[in-house]
Amino acid sequence: MTVEASTWRIGIVSVTDIGLFLLERLGLNSDVGSIRVCDSDQGRLDRVTGAGCERWDDTADRLIRSDVDVLFFAGEYSAKQISTALELGKHVVINRPWYL
């Protein structure tokens with residue numbers, strides 16, 4: 001996968017406090033072209049209203065298979081989701097240690 005520096009497409013899985021922090025900080029980066037956020041909890045997803053990002057109110061599986069380049073797992077995730085993202089060539093960042 002070839003990605004130009006100015007076109008990073010970011011996906012944030014789960015709108016936890018860490019997810020909100022990432023959204024804020026990544027939104028300030030001129031190398032980020034777009035940000036998508038997903039969370040199956042509508043209450044948490046409502047926290048990003050007006051944040052200038054695309055919101056998906058479903059599981060991470062759809063976001064993993066989308067055209068994002070980098071996935072930040074800021075909350076709940078499964079080993080299958082991480083493995084699928086890596087197999088699809090995504091860059092993956094996890095906020096907690098992960099073991100197979």
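V37 touches I12, V15, L23, L45, C53, E54, R55 and W56, leaving aside residues up to four places away in sequence; contact here means heavy atoms within 4.5 Å. The model is predicted, so local features need pLDDT of at least 70 and side-chain atom pairs pLDDT 80 or more, while totals for chains, interfaces and linings use all residues. Residues are numbered from 1 along each chain as its sequence is written, and side-chain values use heavy atoms, without hydrogens and water.

V37 also belongs to the largest nonpolar core, which has 15 residues; I10, I12, L23, L26, I35, V37 and F72 touch the most other members. Strand 1 (8–13), helix 1 (17–27), strand 2 (32–38) and strand 4 (70–73) each give two or more residues to this core. A nonpolar core is a set of buried Ala, Val, Leu, Ile, Met, Phe, Trp, Tyr and Cys residues joined through side-chain atoms within 4.5 Å. Buried means under 20% relative accessible area, exposed over 50%, and partly exposed in between (1.4 Å probe, protein chains only). Helices (H or I, at least four residues) and strands (E, at least two) are DSSP runs, numbered from the N terminus.

In helix 4 (residues 79–87), Q81, I82, T84 and A85 are buried. These residues lie on the same side of helix 4 because they cover an arc of only 165° around the axis, taken from the directions from the helix axis to the C-beta atoms. On the other side, K80 and E87 are exposed.
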